[in-house]
Amino acid sequence: MLYKKEIFNFSASQAMIPDVVLKQIKKDLFNWNNKNISIMEINHRSNYFISIVESTKKYLRELLNIPLDYKIIFCFGGARVQFSIVPINLIKNKFNSADYVNSGYWSNNAINEAKKYCFVNQINAVYKENNVIKVYPMDNWLISNNSSYLHYCPNETVNGIYIDELPNFHNHIVVADCSSIILSRVLDISKFGIIYASTQKNIGLSGLTLLIIRNDLININKSKVIPSAFNYQYLVKYNSMFSTPPTFTWYVVNLILKWLKKQGGLSSIEKINKIKSSILYKIIDNSTIYHNNISSTCRSYTNITFTLSNSNLHELFLKESNNAGFLNLAGHRSVGGIRISLYNSMPLLGVKKLAKFMYNFSTKYS
Ligand SMILES: Cc1ncc(COP(=O)(O)O)c(C=O)c1O
């Protein structure tokens with residue numbers, strides 16, 4: 001049997017938690033901060049917990065260099081919740097429209113949800129040329145003049161498509177679902193109106209969604225129809241604690257951010273992330289059995305997708321990789337294939353070991 005240290009979890013959802021963070025959690029479960037009380041028992045209104053809340057926000061501001069005219073809030077549930085909560089908060093009435101860029105699975109889901117609340121002007125961002133998947137430059141996106149905002153997903157976790165270009169649309173409010181790339185690279189927050197990301201990939205545990213929101217967007221829909229617990233205005237006013245928050249998730253988020261700072265912040269982590277993905281793309285491109293037909297200009301560096309030459313090899317790859325300690329490599333159920341997710345906490349060692357496995361597998365079966 002393999003021990004935990006030899007197991008590498010490449011899941012696209014719940015990511016690995018660094019060993020130092022797991023050790024800290026183990027200690028704090030019984031005796032948080034030498035208070036002889038478990039972290040799970042701490043009341044969200046206590047000064048103890050408020051100190052965690054405030055230091056979490058401080059880490060985020062430092063790491064992402066968040067300008068002062070943006071608020072940081074945490075909302076209940078995952079990113080899917082924002083697929084409805086964004087239009088509910090930003091649309092003034094159902095006759096308003098919003099631009100939605102479709103680049104894959106998650107942005108398409110956001111579109112279907114938004115259609116319940118407003119008229120959606122859909123912009124297709126992805127096309128195929130000579131069987132290679134590409135993304136149109138933002139200049140070609142057909143944005144409407146009178147839309148309330150533009151929504152897009154810079155990294156399509158399921159499809160492995162990444163939009164590197166940053167938005168620069170005058171006077172347009174840009175909302176970005178950054179669930180699978182938040183904190184993985186340096187980012188100019190001022191290009192965005194709202195950034196949201198669920199916490200289970202690069203920020204810690206599931207249960208919360210981080211929102212970075214420009215002050216002027218907090219109180220757009222002034223009608224009373226917004227559910228109070230999801231009203232951005234209330235979330236800001238009550239410091240994200242209008243309703244009792246998942247305190248344990250918040251605490252883990254805090255530890256992950258502290259760990260990230262110790263790694264040297266986002267410029268260091270971005271360099272490592274690019275190295276990690278380039279090691280694996282090289283193996284894929286040099287093999288005859290792995291196939292990825294996404295243009296190198298828009299390949300995701302956090303979610304690497306590929307197929308194998310036939311279904312027997314696919315099954316064999318999953319079986320042998322799992323036995324070797326590389327977990328959760330099956331592609332999303334909607335597209336199949338293989339997907340390797342490389343969130344911040346995946347060590348370079350895990351990637352090098354997987355690359356070696358993939359190389360040996362391809363020489364054995366090609
Ligand atoms: C880009 C993106 N958006 C939205 C979601 C949905 O997130 P959640 O499951 O937290 O609701 C995911 C989940 O993988 C995702 O990757």
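Trainee: In what sense do strand S5 (residues 126–129) and strand S6 (residues 132–135) pair, and over how many bridges?

Mentor: The strands (E, at least two residues) and the helices (H or I, at least four) are DSSP runs, numbered from the N terminus. Two strands pair if DSSP finds at least two bridges between them. Here Tyr127 stands opposite Lys134 in S6. The pairing of S5 and S6 is antiparallel, and the number of bridges is four.

Trainee: What phi does Asn130 take in the hairpin of S5 and S6?

Mentor: This is a predicted model, in which local features need pLDDT of at least 70 and side-chain atom pairs count only at pLDDT 80 or more, while totals for chains, interfaces and linings use all residues. Residues are numbered from 1 along each chain as its sequence is written. The hairpin has two residues between its strands, and Asn130 takes a positive phi, near 50°.

Trainee: How many bridges join strand S7 (residues 150–152) to strand S10 (residues 174–177)?

Mentor: In this pair Leu150 stands opposite Val174 in S10. S7 and S10 run parallel, and the number of bridges that join them is three.

Trainee: Is Lys71 buried, exposed or partly exposed, and why?

Mentor: Lys71 lies in strand S2 (residues 70–76). A residue is buried if 20 or more other C-beta atoms, placed from the backbone, lie within 10 Å of its own, exposed if 12 or fewer, and partly exposed in between. Because Lys71 has 19 other C-beta atoms within 10 Å, it is partly exposed.

Trainee: With which residues is Lys71 in contact, leaving aside its neighbours within four places in sequence?

Mentor: Contact requires the C-beta atoms of two residues, placed from the backbone, to lie within 7 Å. With those sequence neighbours left aside, the partners of Lys71 are Ile213, Asn215, Ile218 and Val236.

Trainee: What classes make up the shell around the ligand, and how many residues has each?

Mentor: The ligand is surrounded by Ala12, Ser13, Gly78, Ala79, Arg80, Trp106, Cys153, Thr157, Asp177, Ser179, Ser180 and Ser198; a residue is near it if its C-beta atom, placed from the backbone, lies within 6 Å. Ala, Val, Leu, Ile, Met, Phe, Trp, Tyr, Cys and Pro count as nonpolar, Asp, Glu, Lys and Arg as charged, and the others, Gly among them, as polar. By class, the shell has four nonpolar, six polar and two charged residues.

Trainee: Is Ser240 buried or exposed, and why?

Mentor: Ser240 lies in the loop between helix H5 (232–237) and helix H6 (247–262). Although Ser240 is not a glycine, its phi is positive, about 65°. Because 24 other C-beta atoms lie within 10 Å, Ser240 is buried.

Trainee: What elements are included in the cover of the buried residues of H6?

Mentor: H6 has 16 residues and reaches 23 Å from its first C-alpha to its last, close to the 22 Å expected, the expected span being 1.5 Å times one less than the number of residues. Among its buried residues are Trp250, Tyr251 and Leu260. The cover includes H1, helix H2 (47–64), S2, S12 and H7.

Trainee: How many of the twelve residues of H1 are buried?

Mentor: H1 (residues 19–30) reaches 18 Å from its first C-alpha to its last, close to the 16 Å expected. H1 is hardly covered, and its count of buried residues is one.
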